[in-house]
Amino acid sequence: MTDNDWFSQGEGDINPAELQRRAEQLENLPDARPDENGLITIPVLPLRDALIFPHMLSPLYVGRDATLRAIEETHAQQLNMLALPQRDPELDRPRNQDFLGVGVEVAVSEVFATESEETAILVQGRRRIQVEGFAKIGTVLYARGRVVVDPPKPDNRQEALMRHLMGQFEQLAELNGNIPEDAVEFVIGLEEPGWLADMIASSFPLPLAERQNLLTQLDVTTRLETVTRLLARELEVLTIEEQIQTKMQDEADRGQRETYLREQMRAIQSELGDADPWTQELEELNLRIQQRGLPDEVKASAVKELGRLNQMPPMSPEVGVIRTYLDWILDLPWTVETEDNLDVEHAAKILGQNHFGLPKAKDRILEYIAVRSLKPKRNRQPILCFVGPPGTGKTSLGKSIADALGRKFVRLSLGGVRDEAEMRGHRRTYIGALPGRILQTMKRAETINPLFVLDEVDKLGIGYRGDPAAALLEVLDPEQNDTFSDHYLELPYDLSKVMFVTTANNRDEIPWALLDRMEVIEFPGYIEEEKLEIARTFLVGRQIEESGLEAGDIQFDDDALKSIIRLYTYEAGVRNLEREIGRVCRKTARLKAEKKKFASLITATVVAEFLGPAQFDESEAEREDEVGVATAIAWTNGGGDIMPIEVLLMDGKGNLQLTGQIGDVMQESAQAALSYLKSRAAEFNLPMDTFESTDVHVHIPEGAVPKDGPSAGITLATAIISAFTQRKVRRDVGMTGEITLRGKVLPIGGVREKVLAAHRSGLKTVILPAKNEKDIIDVPQKARDDLDLRFVSHMDEVLKLALLPADATTTPKRPARKAGAAKARPPAEEPPATSGV
């Protein structure tokens, strides 16, 4: 090559000697001559993704047949060509407007084949040509253009740009080892500013669009500024690349040095007879894996991870991740299990000692133990769901079941859990990942067959991170939980031997798919008699001990306990009852500690002295027979209660007004009762215009307490009929039942609680739907003996029992009911009918 040639873009597989010979031939080809207008006509050499600058020598590969024919025809005429880049390199047949407006006149060698059998030519850039038009002569496309002449000497600004650019180029040569020294000397010796800009632009990689932009910049000063900016960007990238490479090399050298020193330490410790701590730790892990009795798949995974750990230096960040994973595998129980105590009598004794009542739950557990005693190898475990109000012993019964079976007891509270990963864990790709709470609890259990209580399953929430209840579907499905998959462990874990017990307060809040997998056992609220027995048997003794008193220091009589139950607590469970008993014991303990006199027998009077005014009113039956007042019996969270329903008639326009925080269902019951009366108006000797001129006001006292449910239907009808017929309602009759428009009485729920509430309140007769007669079996015998239970199927039967004859005299009045401030009871609600209606 001559001194006027610049280094090429890369010769590829072209023979260097052949390249040199053809370059020398190109030197003899003259430039195209302009006509009298200063224009030259020259054949076009289309360039797809390549670009030639003036003074640049480069091979080009020819791919299009039309271009090959044009090159051969031009070379035969000893003509130069115009290397003209396409704007879009994807076009196979470019039109005139698809070319750039500036190209480079090039001398073209004859076509030759490369070593890889590709067609190529060698071109030498001569000068820029600004295209002004095109013409097609034969099959060859010609362009007419004007030669662009760069200034041979720089002005002051160009001189400054050239010096700065040369300094940048020297830095580029230092960072890029592909630029030879003679090339650097050649560039530094250039005096023409345009040539310098083109040469340096060809020395480092640039996107095709930016190279085309440089080619079309005819102003030399602008071209120098552009190249300066692009080269500064390239230097910054190369500097960062060098820093990264230096850092990586330093880390590699440090790793090699650590490996060398570690090998030396091993050799020294071997000579001294001391073991390497890291090697010793790996050997201990291997020994634990072999002796742990892991399942085959789990053992294979542990051995694989240990092999990875063995190949890493101790200080590697990955070591902690793998070591934590292996620790979890080795700490989880895979085969260890406790032996079940299948003695049914022993289990019954344990359950009876710790819990009073709850016959359905206890029977189900004893049935399970009996089945296991007959078939000990039966692995299918029951999945129970205890549903009931707070404080009824759901969680503590789970612990008693574990004691009866001799199993480990573990508990997981699900209240407020909103992330699925809390159940299934996070994948190991996350920093600080751990298994989910299911496996964490199993690790704490240390056996594969604990009794696992999932508390508050109805309090699970749904967040944007997924639904944790969906993760429990696999846990609580006996068909799937033998291969439970945790995201962290990614190994099948057997939960089929775990006895799961879930607890909830509200059955309706449990997702239906989850509820379908569980056997639901209802925990009804305790009635007063049960609370009294629980207090005697469990609560009093425990609170006496916790208060620091001796067993013989104080005793509670039944009236004192009943006073606490009726006047100071109002709940389905016994938590508040135990708190109030504890308050009495603590006050007694204080008197004892102060060496003051205290009562050894706690009576109702002592309770009132210690606990202050009553917190709740005690429900009582009405004192006298009245018109428009009937007694309903309601189910509440505290068990059951009675509530009077008052009806008042006024002159008006036939409106029905309902007050006392009555819910929608109860309002519909009142409307149905009034419609029933209107339909039977003739039988009650009531003119129809009476209803059009009379407003009916129905009120249920204790207006702060929400009330709802259909079971007050017959009571509402009785009170309304009493008001219109002026027949008094018997004060000692309580009733519950749903009414239809035809007067039929439908079954309701909560019979046990309602009958006991009537018994406590002093009622003598209780009217119940006929279809609820089967539910009386749950009512204690004493209440059944004391009450006159009447079962009805139609409203006519209710009226015969509840209403006095029109000419009957009133019964003697009882003393007026005591007034006193009291807290509002919790809402009176209607549970689902036991008959399923």
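Mentor: Start with Glu 519 and Arg 364, which form a salt bridge with the closest N and O atoms 2.7 Å apart. The pair links distant parts of the chain, 155 residues apart: Glu 519 is in strand β14 (residues 519-522) and Arg 364 in helix α12 (residues 359-374). Helices (H or I, at least four residues) and strands (E, at least two) are DSSP runs, numbered from the N terminus. The model is predicted: local features need pLDDT of at least 70, side-chain atom pairs count only at pLDDT 80 or more, and totals for chains, interfaces and linings use all residues. Residues are numbered from 1 along each chain as its sequence is written, and side-chain values use heavy atoms, without hydrogens and water.

Trainee: Why is the contact of Glu 519 with Arg 364 called a salt bridge?
Mentor: The term needs a side-chain nitrogen of Lys or Arg within 4 Å of a carboxyl oxygen of Asp or Glu. Here the closest N and O atoms are 2.7 Å apart, so the pair qualifies.

Trainee: What makes Arg 680 count as buried?
Mentor: Buried means under 20% relative accessible area, exposed over 50%, partly exposed in between (1.4 Å probe, protein chains only). Arg 680 has 15%, so the label is buried. Its salt-bridge partner is Glu 683, at 2.5 Å, N to O. Glu 683 has 54% and therefore counts as exposed.

Trainee: Why is Glu 519 called partly exposed?
Mentor: Because its relative accessible area is 31%.

Trainee: How many salt bridges does a search of the whole structure find?
Mentor: The search finds 47.
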